[in-house]
Amino acid sequence: MNFTNYSESDITKEPAKKFVKASLSDPRKAEERLVCIAHFFTNTAVGGSDGTAKGRSRGTIQIDRKTADGKIPLKVSLINGLNNSDGDAEVDKKVTIPSWLTPESIHKHFNAQPIDFDD
């Protein structure tokens, strides 16, 4: 979810802050994660929620996909938040993103069009 617009509207500002804080803390307790997609991982992009920097860095996986043409994401990306074998979060680890990992394919997956992981 991208909360940028929610954090800038007087009507949705407070609910967005509360939702983001809960989405960072509650799923962790249940060993689950929420999938959020944002252009940048700033306080504004996540609903203007203050005090969430530690939760965002420890409780989320961030994929930084670059483009060469400003439109099509490159397969090689930087990833943050995955733990290595020592339990430490990796920082700016280069990875190759599988072709199925797109917002559209994930949306379809949760709407009766399962991802073909072998594609």
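# Close-up views of the predicted model

**Figure 1. Overview of the protein.** Among contacts between residues at least 6 apart in sequence, 33% join residues at least 24 apart; a contact means heavy atoms within 4.5 Å. This is a predicted model, in which local features need pLDDT of at least 70 and side-chain atom pairs count only at pLDDT 80 or more, while totals for chains, interfaces and linings use all residues. Residues are numbered from 1 along each chain as its sequence is written, and side-chain values use heavy atoms, with hydrogens and water left out. The secondary structure comprises 4 helices and 3 strands, in the sequence order α-α-α-β-β-β-α. Helices (H or I, at least four residues) and strands (E, at least two) are DSSP runs numbered from the N terminus. Of the 119 residues, 20% count as buried. Buried means under 20% relative accessible area, exposed means over 50%, and partly exposed lies in between (1.4 Å probe, protein chains only). The protein exposes about 8900 Å², of which carbon and sulfur atoms supply 54%; accessible areas come from the Shrake-Rupley method with a 1.4 Å probe, and for residues only the protein chains shown count as cover.

Figure 2. Strand E1 (residues 62-64) pairs with strand E2 (residues 76-80) in the antiparallel sense over 3 bridges. Two strands pair if DSSP finds at least two bridges between them. Gln62 has Asn80 in E2 as its bridge partner. E2 and E3 also run antiparallel, joined by 4 bridges. Here the bridge partner of Leu78 is Lys94 in E3. In a regular strand the side chains alternate between the two faces of the sheet.

**Figure 3. Asp64 and its salt bridge.** Asp64 lies in strand E1 and is partly exposed, at a relative accessible area of 32%. Asp64 forms a salt bridge with Lys66, with the closest N and O atoms 3.0 Å apart. The definition asks for a side-chain nitrogen of Lys or Arg within 4 Å of a carboxyl oxygen of Asp or Glu, and the whole structure holds 1 such salt bridge. Lys66 is partly exposed, at 42% relative accessible area. Side chains of opposite charge can pair when their charged atoms come close. Not counting residues up to four places away in sequence, Asp64 touches Ser77 and Leu78.

**Figure 4. A nonpolar surface patch.** Ile61, Ile63 and Leu82 make a nonpolar patch of about 250 Å². Patches are made of residues with over 30% relative accessible area and no salt bridge; like charges are joined within 9 Å and nonpolar side chains (Val, Leu, Ile, Met, Phe, Trp, Tyr) within 5 Å. Ile61 sits in the loop between helix H3 (53-59) and E1.

Figure 5. The structure holds 1 aromatic pair. Trp100 and Phe117 form this edge-to-face pair, at 4.9 Å centre to centre and 85° between the planes. Trp100 lies in the loop between strand E3 (93-96) and helix H4 (103-109) and Phe117 in the segment after H4, so the pair ties together parts 17 residues apart in sequence. Rings of Phe, Tyr and Trp (its six-membered ring) pair if their centres lie within 6.5 Å; planes under 30 degrees apart count as stacked, over 60 as edge-to-face and the rest as tilted. Trp100 is partly exposed, with a relative accessible area of 26%. Ser105, in helix H4, counts as buried at 16% relative accessibility. Leaving aside neighbours within four places in sequence, Ser105 is in contact with Trp100 and Ile115.
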